[in-house]
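Please open the model in a viewer and keep the selection tool at hand. The tour below moves from one selection to the next.

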Amino acid sequence: MKGSLPLTACALATYFTILGMAFAGCGGKAVERPATETSLFEQVRYIGSLNLAQKAWKRSPRPAGLTLDAQGRIYLADPANHCIHIYSLSGDFLRTIGPQLSGPSAKKFPPLNLDSPQGVAVDGEGRVYVADTGNHRLLIFDAEGNLLRAFGRKGNENGEFRSPHSVALDSKGRIYVADTGNDRLQMFGGDGIFLRRFGTRGEQPGRFRAPLGLRIDDQDFIYVVDSGNHRVQKFDSTLALLWSAGQKGQSPGHFTDPFGIDLDNQGHLYVVDSGNCRIQVLDGSSGRFLYSLGCRGKGPGEFRRPTGISLRREAGRLYVGDAETGQVQVLEVKLSKPPAPSPPPEETVSHPSEEALEGFEPRIAVLDFEDENPAAAELQYGRLVSQMGVTALVTSRRFEVVERSQLEKVLKEQALSQSGIIKEPKKLGELLNVDLILVGNVARYPSFIETFVRLVDVETGKILSASSRRARNESVLPAAVDSLVQEIIAGYDSLSGQISGIVQPVDSDALVKAYRGSKMRGQARINPLDGHYLIKGLPPGNYRLRVEASGYNPEETKEVIPVRAGKETSNNNFQLTVSTRLPKVPSGLRALGGDREIQLSWDPSEEKDLVGYRIYRSNLPSSGFSQIGSSMASFYLDKGLKPGTTYYYQIVSYYRTGIESGRSPIVAATTYDVSPAIPTGLAVSLDAERKGVRLTWNPNAEPNVVGYRIYRSRTPEGPFELLGSLAANSYLDQAVEEEKTYYYRVSAYTDSGVESQQSKFVALTVTFRP
């Protein structure tokens with residue numbers, strides 16, 4: 001591998017402050033300062049990159065999926081060369097698997113060549129599992145690279161694939177495949193026998209659009225990079241959804257075309273945010289955004305189109321493939337002390353969205369259903385059907401479902417059985433802070449499977465809704481359970497009441513909360529057009545309301561509001577008054593100069609009423625500031641600036657009412673201009689057939705070079721005038737005349753428009769006559 005050096009300033013520029021480090025350009029080197037106590041990482045360093053270039057390869061490598069085996073060997077899927085490359089722990093190239101398949105069994109599984117493999121995994125015995133994407137199949141090799149087994153073909157039936165991209169193994173040796181083109185996962189036994197498929201195309205949590213990345217941890221939790229929906233989803237071993245995190249965007253926790261994923265020993269997920277040229281780190285237990293590494297660029301720790309990722313956990317080495325640069329970078333990430341545990345609400349299933357803010361979701365715990373007869377107990381149908389119920393409740397988005405691990409942990413700590421706790425629902429409600437529990441029974445008969453379900457109010461112990469369903473066989477059982485849960489929800493909704501009213505002014509972001517006793521039981525945002533609000537799903541009882549809005553004083557009802565089952569209580573109106581309280585002045589403002597841009601970041605405010613931040617800039621150190629933009633997040637990228645220029649910045653925070661805080665202390669940064677190298681090898685020749693002058697030169701190695709400009713003159717002194725520009729490294733000049741001499745130069749330019757100096761000239765006298 002190439003030499004080791006600290007990450008450059010731009011490498012962590014996008015969110016460099018969250019690492020607790022400050023990086024600043026200093027004579028072309030990076031200056032690293034100590035990390036703060038709240039950092040996830042004590043240190044992040046660039047170690048080097050794998051030497052991917054091999055003379056035998058027809059094309060430049062294009063890294064895709066990658067993984068490590070128990071000995072630290074690196075396995076890299078290279079779709080450009082239709083093979084899997086294997087490297088030693090020290091980064092030395094060892095061998096390849098493919099393009100041509102080898103081994104005694106190879107001829108049994110045509111075609112005999114790999115086609116654009118995207119994913120690779122290795123088990124404890126050294127067997128290699130390859131997602132042979134272009135051939136729509138999965139291949140299994142022994143440790144020497146001999147083909148053992150192949151299964152799958154193009155299609156959408158069970159065991160068939162469309163462009164599979166990733167493969168992973170659980171603790172039982174079962175094989176999971178991200179069947180990308182069919183928008184689903186498939187599960188197989190170690191012998192390749194189809195076991196189960198899961199997922200359909202869609203945007204709802206638990207569904208997929210082009211799943212790419214796939215990892216399974218030591219507890220058999222499954223993490224799926226749902227690339228088409230720009231998010232990550234977590235499932236348990238029964239494929240019940242636990243959480244879904246992310247949406248399309250550039251803010252922290254948002255993604256654009258994510259690709260690979262891996263995790264460390266402390267449960268942090270490292271997700272390749274390919275479209276945003278960075279690695280995002282999430283809390284594996286909740287999907288909460290923690291930190292971000294990298295930015296767009298060509299230097300150490302910078303990415304152009306990152307794809308695969310793998311972590312050598314014991315050494316803290318992070319391997320990141322980049323399809324555009326053809327490199328695999330190696331970063332050393334040293335974790336500091338573990339971050340504080342996630343707050344209790346993040347131990348539940350949640351789906352961050354605007355809809356989640358619109359209404360209150362009652363918390364519900366699902367207990368294992370009881371097996372009614374020996375036939376059901378033999379196959380543990382009760383637990384299986386209860387998991388199906390969890391999935392149906394999660395996808396309905398009507399409830400906040402307590403994660404099963406949290407439920408089992410509480411029952412274990414309290415030495416309670418699930419059957420015993422049914423008799424004490426109020427106690428379970430207090431232990432888990434839930435409003436409802438779902439219980440049931442399952443019986444299996446020769447010709448059908450019957451399920452009985454009851455929804456219980458933990459406060460009163462009363463059954464709020466009950467129903468039953470029969471399923472002819474296992475294949476239709478999930479649909480029957482889903483229908484059953486929908487009927488239970490409909491029964492619950494028919495019992496609950498509603499509170500409505502109007503809040504003025506209508507342009508506020510008012511949130512109306514309904515309390516029964518000291519516990520909030522529902523909430524709703526006002527309609528921004530007319531100020532109307534409607535809080536649904538309230539169990540019968542007496543309530544009081546509280547209205548909160550950014551920049552306004554909170555308001556509360558002075559009298560209780562009775563809610564009756566199936567009824568709406570209206571005319572609960574509020575008039576808000578503007579608060580004179582000022583937001584806090586933002587702290588920790590930092591500025592980092594880049595290539596014609598400056599990146600700003602600051603400490604995020606903890607004020608709940610805050611709407612965002614406004615950014616002010618000046619060319620002078622102490623005056624002349626004017627607003628250039630605003631941001632809802634704690635960072636801002638100021639683009640299109642002059643190279644080699646110093647700019648000064650201040651920021652303020654503000655409420656929805658427009659009230660601003662005082663301005664932050666002034667910070668400054670200077671832009672720089674990175675010009676590409678001068679093109680080399682410029683040569684000129686006559687093209688008699690096409691009656692022109694042919695120019696050729698060596699292509700530039702920089703990945704951000706997107707084209708070349710050709711200049712011509714009649715004299716060596718110039719002036720040289722622009723003839724044209726193109727992306728290729730060859731140009732034909734047909735605007736020439738016989739017996740005249742022409743002088744040529746060429747330059748390169750980047751995707752940001754930065755142009756290199758012109759090359760030395762070459763000359764040619766045109767003579768087409770023999």
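Which backbone nitrogen does the side chain of aspartate 183 reach? Select aspartate 183 and alanine 210: the side chain of the former reaches the backbone nitrogen of the latter at 2.8 Å. This is a predicted model, in which local features need pLDDT of at least 70 and side-chain atom pairs count only at pLDDT 80 or more, while totals for chains, interfaces and linings use all residues. Residues are numbered from 1 along each chain as its sequence is written, and side-chain values use heavy atoms, with hydrogens and water left out.

Remain at aspartate 183, which lies in the loop between strand S14 (175-179) and strand S15 (184-188). Aspartate 183 counts as buried because its relative accessibility is 7% (buried means under 20% relative accessible area, with a 1.4 Å probe and protein chains only). Leaving aside residues up to four places away in sequence, aspartate 183 touches Gly199, Thr200, Arg201, Phe208, Arg209, Ala210 and Pro211 (contact means heavy atoms within 4.5 Å).

Next, select the open sheet of 4 strands, ordered S13-S14-S15-S16 with antiparallel pairing (strands, DSSP runs of E, have at least two residues, and helices, runs of H or I, at least four; two strands pair if DSSP finds at least two bridges between them). Its edge strands are S13 (166-169) and S16 (194-198), each pairing on one side only. Between S15 and S16 there are 4 bridges, and phenylalanine 188 stands opposite phenylalanine 194 in S16.

Finally, select helix H7. Its buried residues include Leu477, Val481 and Tyr492. The buried residues of H7 pack against helix H3 (381-396) and strands including S31 (436-444) and S37 (532-538).

Terms used:
Buried means under 20% relative accessible area, exposed over 50%, partly exposed in between (1.4 Å probe, protein chains only). A polar contact is a pair of N or O atoms within 3.5 Å; within protein, one must be able to donate a hydrogen and the other to accept it, and residues adjacent in sequence count only if both atoms are side-chain atoms.
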